[in-house]
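Colleague: I would like to learn how to read the strands and the core of a model. Can we go through one case together?

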Amino acid sequence: MIRSITRRTRPLAAAILSVALLATACSTTTTDSATSEDGTTTVKLQLQWFKQGQFAGYLAALDQGFYKDQGLNVEILDGGTDIVPQTVLAQGQADYAIAWVPKALASREAGAGITDVAQIFQKSGTLQASFKDQNITGPADLRGKTVGNWGYGNEFELFAGMTDSGLNPSSDVTLVQQQFDMNGLLSGDIAAAQAMSYNEYAQLLETVNPATGRLYTAADFNTIDWNTDGVAMLQDAIWANTDKLSDDVYKEQTVKFIAASLKGWAFCRDNVEKCRDITVAAGSTLGASHQLWQVNEVNKLIWPSPAGIGMIDESSWGRTVEIAKSTKNAEGSTVLTADPDSEAYTNEYVTQALDMLKNDGVDVTGESYAPTEVTLEEGGK
């Protein structure tokens, strides 16, 4: 059974239908790039959530003038609970968007003309977190437990992991649709809660343990990492307008936009505290220690990038597509019904962008990358 704590997301099928209708209705609307007084081209980037460390590379590229160096005047648009970035892109209200691959592919299958032109996150940041005393160390241990998930396409790694472990998600666990926080886990309503390594998991470590009067530590919890369990799906990517990629001006702009964005991520790899400050200054409502944690954890999902940051790995793409086609959610729906077509992704533009950066002496692989140690404060302050 599915028990709802708070319904903050829409069913997958309804959301896909909404995307299809909006994309069709607005197929003739485009963001015609305009030249500013300083000679730069105005470009809009739609985020999939509010400004936070998850998007530090783009915020840094803006703050450090990397976009301006490429002749671009970039406006970064906040996301939110009712904003689907790939829909905004398909409608022509943004030039580029940041979105998870399976969700964007669902939109593309429904009619949205979008293409993955740079795969920023090479690993999944999704975890299933539980208190140590629940003895949940792998998907099989979820049997008989109350399991939280956000729904709307965020749940497919969880469902794939349970299915691969021999569990029937509709009968072997009690599914709870959770809020985008860890209150359900902390209150005991949920035995295993969905969390992003760079966000909700940190919320646990920012909370005082009432038994000790001190903050919880990682030793108080177990986590299931879908990268380790082999069902990780690709997440944050830069998406472009498929139809506009036939235009030479947009093609050139896309290479420049990717190059500046990747340089921003390389900057955040090497300047974690500075990118924390940039993110906080950009208006994030989350505190400084939380943002430092976010930037550090996001870096772990990107670096090292042996093939070059942003390159789309064929095997990771194939795994994501296969899970999206074969794994059913609690409503019996899959993300995709068929393989995406050949225009769903391309390495053409990111390859050109990487060549530009390498010629400028930018380290695009981060082979020597090592994360920093972050001390969280109560409430993420």
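Modeller: Keep in mind that this model is predicted. Start with strand E5 (residues 114-119), where six of six residues are buried, so the strand counts as mostly covered.

Colleague: With which strand does E5 pair, and in which sense?

Modeller: In general, strands of a sheet pair through backbone hydrogen bonds, either parallel or antiparallel. Here E5 pairs with strand E13 (residues 236-241) in the antiparallel sense, over five bridges. Gln 119 stands opposite Ala 237 in E13.

Colleague: In what order do the strands of the sheet stand?

Modeller: The order is E3-E2-E4-E13-E5, five strands in an open sheet with mixed pairing. E3 (72-77) and E5 are at the edges; each has a single partner strand, so one side of each lacks a neighbour in the sheet. On average, neighbouring strands are turned by 30° against each other, direction ignored.

Colleague: What is the sense of pairing between E2 and E3?

Modeller: Strand E2 (residues 41-46) and E3 run parallel, paired over six bridges. Val 43 is opposite Val 74 in E3.

Colleague: Which residues touch the most other members of the largest nonpolar core?

Modeller: That core has 74 residues, and the ones touching the most other members are Leu 45, Tyr 58, Ile 120, Ile 238, Phe 257 and Trp 265. Helix H9 (residues 248-270) contributes the most, with 11 residues. Leaving aside residues up to four places away in sequence, Phe 257 touches Val 43, Leu 45, Tyr 67, Leu 72, Val 74, Tyr 96 and Ile 238. Another core, of 37 residues, lies apart from this one and includes Leu 89, Ala 104, Met 162 and Val 231.

Key:
Residues are numbered from 1 along each chain as its sequence is written. This is a predicted model: local features need pLDDT of at least 70, side-chain atom pairs count only at pLDDT 80 or more; totals for chains, interfaces and linings use all residues. Side-chain values use heavy atoms; hydrogens and water are left out. A nonpolar core is a set of buried Ala, Val, Leu, Ile, Met, Phe, Trp, Tyr and Cys residues joined through side-chain atoms within 4.5 Å. Buried means under 20% relative accessible area, exposed over 50%, partly exposed in between (1.4 Å probe, protein chains only). Helices (H or I, at least four residues) and strands (E, at least two) are DSSP runs, numbered from the N terminus. Contact means heavy atoms within 4.5 Å. Two strands pair if DSSP finds at least two bridges between them. Axes are lines fitted to C-alpha atoms, for helices over the stretch in contact, and angles run from 0 to 180 degrees between N-to-C directions.
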